[in-house]
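Subject: Structure handover

Hello,

Here is the structure I promised to pass on. Please open it first, then read the notes below it.

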Amino acid sequence: MRYISTRGAAPALDFEGVLLAGLASDGGLYVPESWPAFDAARQRGWRGLDYAGLAAEVMAPFVAGAIDRDDFAAMIAETCARFDHPDVAPLVDLGEGLHLMELFHGPTLAFKDYALQLVGRLFDHVLTKRGRRITIVGATSGDTGSAAIAACRDRAMLDIFMLHPKGRVSDVQRRQMTTVDAPNVYNIAVDGTFDDCQDLVKAMFADADLRAALGLSAVNSINWARVLAQTVYYFWAGLKLGAPDGPVSFAVPTGNFGNVYAGYVARQAGLAVDQLIVGSNRNDILTRFLDSARMEIRTVEPSLSPSMDIQVSSNFERLLFDLYDRDGAAVAAIMRDFRASGLMEVDPARWRSALALFSGARFDDDETLAVIREIHEATGMLIDPHTAIGIAAG
């Protein structure tokens, strides 16, 4: 499997190269040169697999030619052993065709554990094989930081520096990040928003000399390995709920578009996905785009769902690449203008193509609290604000 940049000017890389690079040298994001296709018969054969077995099958074509299959399966098995539920990602039936996937059974209670616990092992494997050391730099609105640090702490071949917006992450997440006593972990609180943190990281990656001198790499969802590992639980849910013999729709609370984009990857690879629903809080740039074909950067407003307090959704560029027929030069020009003006207007025909699969819904803090109350009264479960937005969007 080879990977190409969404901006068309960076060299194609294999999976190992993409893992270590994170961001492409032209500022773009890496995506597969072509999508693997899992037909219905093959998916039916996966129904009896446990989560680790399914993960090995789903991700195998994406790492082909770079990582030995037995080594990869062993890393997946070690990863799944860190989760505290035998199903790893269990489903809870809420009634009327609505199911909730529990993605809090990892070591930091964040859905990011499902990808980052594996990514940490992949870094160890590849860096040891190559005799290299890297510096990971990341930005977090909460979940990524604690999950990335838990995955990378005490690993001999890397240092990790994590930027978070000061006063804009939950106390639990701040403590998860800043109380890790490991010699390779560094935390930086930034006076600003998550978007400011993300811009600092992107600027470091854009400095070719700095990038080479420090061996920079990324664990944000700009790193393809993150998205790939998240694709697995879409197949897991789909197969549990009737795929490939019937379609499944997913409602996903999202700010940076990485998690819901993993659902898009699953669909591109053959999962019967009918609809992908983007759940937004008051920072609703994605929902506004789906309503109007216009993506406009506004001021980030703090909310009860801080992991979604984002106005620049990095992974949207990956979808844009497909919407513009994989024309890297066109995407590069669009993204350059977007960052200069704060406004992106997508061609109406391409926007309608996105609407064939994606829809959006926004919920403010009062609406979020109402859903938390409603679910607690109906089921006894106490859900978090991000989950509430996902359920409401569904």
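A nonpolar core here is a set of buried Ala, Val, Leu, Ile, Met, Phe, Trp, Tyr and Cys residues joined through side-chain atoms within 4.5 Å. Buried means under 20% relative accessible area, exposed over 50%, and partly exposed in between (1.4 Å probe, protein chains only).

The model is predicted: local features need pLDDT of at least 70, side-chain atom pairs count only at pLDDT 80 or more, and totals for chains, interfaces and linings use all residues. Residues are numbered from 1 along each chain as its sequence is written, and side-chain values use heavy atoms, with hydrogens and water left out.

The cores

The largest nonpolar core has 107 residues. Phe 15, Phe 123, Trp 224 and Phe 358 touch the most other members. Helix 10 (residues 224-240) gives this core its largest share, twelve residues. Helices (H or I, at least four residues) and strands (E, at least two) are DSSP runs, numbered from the N terminus.

Phe 15 has contacts (heavy atoms within 4.5 Å) beyond four places in sequence, among them Met 1, Phe 62, Trp 224 and Leu 228. A second, separate core of 14 residues includes Leu 23, Phe 194, Cys 197 and Leu 216.

Val 58

Val 58 sits in helix 3 (residues 51-63). Its relative accessibility is 0%, so Val 58 counts as buried. Leaving out residues up to four places away in sequence, Val 58 touches Phe 38, Trp 46, Thr 231, Val 232 and Phe 235. Trp 236 is 178 residues from Val 58 in sequence, yet their C-alpha atoms are 9.8 Å apart.

Three strands form an open sheet in the order 9-10-13, with parallel pairing. Strands pair if DSSP finds at least two bridges between them. Strand 9 (248-253) and strand 13 (358-362) are the edges; each has a single partner strand, so one side of each lacks a neighbour in the sheet. Five bridges join strand 10 (residues 273-280) to strand 13. Ser 280 stands opposite Arg 362 in strand 13.

Two packed helices

Helix 16 (residues 365-379) and helix 17 (residues 385-393) pack at about 85°, with axes 9 Å apart. That makes helix 16 roughly perpendicular to helix 17 (65 to 115 degrees). Axes are lines fitted to C-alpha atoms, for helices over the stretch in contact, and angles run from 0 to 180 degrees between N-to-C directions.

Best wishes

Conventions. Parallel < 35°, antiparallel > 145°, perpendicular 65-115°, else oblique.
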